[in-house]
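Thanks for coming. Please have a look at the structure first.

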Amino acid sequence: MIGEPPSFLRACREAFLWPLSFLSLSGGMWLVVHRAGWIPAQLARLDDLARKSTDSLLALAITVVLIRIGRFVFYERVVLRLAKLKAPKLLDQGIAAVVYFLGAGLTLSYVWGVSISSLVATSGVLGLVLGFALKNVLSDFLSGVALNVETPFALNDFVLVKTRGLPPVVGLVREVSWRSTTLMTPERKLVTLPNTLVAESVVENGSQPSSATEFELEIVLDWSIPAHVLQTHLHAAGLETWIAGWTVEPTRARIRKLIGSGIAYKLTYFVDPLRHSKGKVRDALLGNVHKHLRCAGLRPVHEMAPSPQRAVDYDVASERLPLFEQVELFSALHRTERAALAERVSVRRVAEGAAIVEAGTEGSSMFVVASGLVEVKVAGARVAALAPGDFFGEMSLLTGEPRSATVTALVPCVLYEVAKDAMQTLIETRPALAEAFSELVAARKVRRSGPDAPAATGAAGLSGAIASAIHEFFRA
Ligand code: CMP
């Protein structure tokens, strides 16, 4: 047993303690009755009864031990490991029932001398009586067998069970036993449905052919904004949600209908219920939709309260200010400095797939995402997706180092580009800004490097190094 984990020994003990105790007890009784000859000759009938009873008890104990061995070796160690999931309880319970049935049949036939054919005949009558008495139980059992043969769902599938006259039940299949099917609802409640009910219901399986389950949202946007502009914002929000790992594939946005004051869009998104709950994914998606629309000056409309909207005009300096107030790096600026900077940025409209900065190249400007979504790649791997209000390119602009990553537009984007001379004016007018910027940049860098960053690279040390780099670069 060297090298076996102690839990294996514990599992053996738990599995075999009582079956082996039962076997020893019945074996002991069998030996006493068969070998000791303790019954006086006058009570020969009693002796016969005692022998048959101990034979039957021993046969039962052997059956129990055989079932335990089968379950321990075959079911728990082979089936479960090969399948990498919990096989339906029905399989285990069904096999055990068949072995018990065989054991009982053999005992009746060989120990008690009941002939198999009369046994089958009586079992027919008995079965009829029992069948009437246990009609529901039998129907659940047979439905369970049918469910296992037909397999309309497997363990951990996400299903919707629609039964006439009852509210539909949605959930993950947690167990199919000989009598019932247990689902775990999105609210993490266990619901047990009799197999007969499941067999009679319409079952929609959301996990097959893939485990993704489809959901829909409707959002009504302003009629006066061109549809392709709205589509781009919704697409970018859906893409961001997918890149963050919430949905299984990018959300689709389609026009569902035109109504009085707006265009109703249908957002279709796919959730893996094993990873996230539907509510959390909807939260993340709606949060992103809100961000992309808000940064573009838009909002959903209500049919009863039409309000013509106007999207942000990126070419007008004053309309850039609401976004600039949300940019983390610009939180160090005074209101007047932000307004002055908004006057000096240039607007860049980039097409989907365009590379905005390339790793390793010289760079003397930074960018704020005004609309759309960009991805940041380091050594070919995506490290971030940046949405409206996010910025990039600050490292090279502030320190003069080559670009540390490649940034590409994932959808058509509008970017505000801040050139070195605009930054230079700000820093020359208020030199303390260099320290403020370095602290913000250092904090962001530490946040990005995550818990695996070397301990020595704390935000304070990094901020000092960045501050000297900024001073040196802007003095040059
Ligand atoms: P810069 O080095 O000037 O050019 C590439 C930009 O990508 C960089 O500035 C940062 O703004 C940005 N960047 C680099 N690495 C990451 C990251 N891990 N997460 C988010 N943005 C990054």
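Over how many bridges do β7 and strand β8 pair, and in which sense? This is a predicted model, and in it β7 and β8, the latter covering residues 262–271, pair over 7 bridges in the antiparallel sense. Within β8, Thr268 is the residue that Arg252 stands opposite.

Now the sheet itself. It is open, has 3 strands in the order β6-β8-β7, and the pairing is antiparallel. At the edges stand β6, residues 213–222, and β7, residues 252–259; each has a single partner strand, so one side of each has no neighbour in the sheet. On average, and ignoring direction, neighbouring strands here are turned by 25 degrees against each other.

Two helices go with this sheet. Helix α7, residues 227–243, packs on the sheet and touches β6, β7 and β8. The direction of α7 makes about 25 degrees with that of β8. Helix α8, residues 278–295, lies across β6 and β8, and runs at about 25 degrees to β6.

Last, a helix pair. Helix α10, residues 335–344, packs with helix α12, residues 420–429, at an angle of about 160 degrees, and their axes are 10 Å apart. Angles over 145 degrees count as roughly antiparallel, and α10 and α12 are therefore roughly antiparallel to each other. Their crossing is right-handed.

Which residues meet there? From α10 we have Glu337, Leu341 and Arg344, and from α12 Asp421, Ala422, Thr425 and Leu426. By class, that contact has 3 nonpolar, 1 polar and 3 charged residues.

That's it from me.

Technical notes:
Residues numbered from 1 in each chain as written. Predicted model: local features only at pLDDT ≥ 70, side-chain atom pairs only at ≥ 80, totals over all residues. Heavy atoms only, no water. Axes fitted to C-alpha atoms, helices over the stretch in contact; angles between N-to-C directions. Helix = DSSP H or I, 4+ residues; strand = E, 2+ residues; numbered from the N terminus. Parallel < 35°, antiparallel > 145°, perpendicular 65-115°, else oblique. Left-handed = near helix turned anticlockwise from the far one by under 90°. Contact = heavy atoms within 4.5 Å. Nonpolar A, V, L, I, M, F, W, Y, C, P; charged D, E, K, R; others polar. Pairing = 2+ DSSP bridges.
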